[in-house]
Amino acid sequence: VLQYNVPTGKKYRGFALVYSYKKLVPPEQLTPENLRLAYIMGWCVEMLQAHFLVEDDIIDQSETRRGKPCWYKYNSLGLAAINDGLLLESGVYHLLRLYFRNMPYYLHTLDLFLQVIAGDVFEMVCSQAHQIFPPLQILSPAGCV
């Protein structure tokens, strides 16, 4: 699941994280170790994006992603691919804990990743609420924005 879904994307989010880090920190903090950590965090962002795409493809019943069968269509995985998407998400938190747990910003970073997850879930609920509860205007996508 990792090799099929993570490195095949455009990696804009991961590159943007590393680029921003290089531009925002003082030059004396651009040590090889700090750059390595920035790259690891960039891969965490890419893994989280891959998690969203795996799950979204199942929800949307998409056929292809980046010119290949969606992960759940690959080898007829079907709904078992939900677990694979969750493994990608779990891998993000494993890497964060492994490499960043002793950093003073660890809890803030973890909180940001969790907020991104919550935001994606909220967006999904809002986009489908009008189908589930049509008479309730407050739950329409416009009401969620």
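Buried means under 20% relative accessible area, exposed means over 50%, and partly exposed lies in between, with a 1.4 Å probe and protein chains only. By that scale Tyr74 is partly exposed, with a relative accessible area of 33%.

This is a predicted model, in which local features need pLDDT of at least 70 and side-chain atom pairs count only at pLDDT 80 or more, while totals for chains, interfaces and linings use all residues. Residues are numbered from 1 along each chain as its sequence is written, and side-chain values use heavy atoms, with hydrogens and water left out.

Start with the rings. Rings of Phe, Tyr and Trp (its six-membered ring) pair if their centres lie within 6.5 Å; planes under 30 degrees apart are stacked, over 60 edge-to-face, and the rest tilted. The whole structure holds four aromatic pairs. One of them joins Trp71 and Tyr74, with 5.3 Å between centres and 15° between planes. That pair is stacked, because planes under 30 degrees apart count as such. Trp71 is buried at 10% relative accessibility. Phe100 and Tyr105 form a tilted pair, 6.2 Å centre to centre with 55° between the planes. Phe100 is buried at 1% relative accessibility, whereas Tyr105 is partly exposed at 32%.

Ring pairs also build a cluster of Tyr4, Trp71 and Tyr74. The charged end of Lys68 sits over the Tyr4 ring, 3.9 Å from its centre. The criterion is NZ of Lys or CZ of Arg within 6 Å of the ring centre and within 35 degrees of the ring normal.

Next comes Asn5, in helix α1 (residues 2-5). Helices (H or I, at least four residues) and strands (E, at least two) are DSSP runs, numbered from the N terminus. Asn5 is buried, with a relative accessible area of 10%. Its side chain reaches the backbone oxygen of Val1 at 3.0 Å. Leaving out residues up to four places away in sequence, Asn5 touches Ala50, Val54, Arg66 and Trp71. Contact here means heavy atoms within 4.5 Å.

Arg66 leads on to the backbone. Its phi is near 55°, a positive value in a residue other than glycine. Arg66 lies in the loop between β1 (64-65) and β2 (68-69). It is partly exposed, with a relative accessible area of 42%. Ser76 also has a positive phi, about 55°, although it is not a glycine. Ser76 is found in the loop between β2 and α4 (81-100). Is Ser76 buried or exposed? Ser76 is exposed, with a relative accessible area of 67%.

Methods:
Polar contact = N/O pair within 3.5 Å; in protein donor to acceptor, adjacent residues only side chain to side chain.
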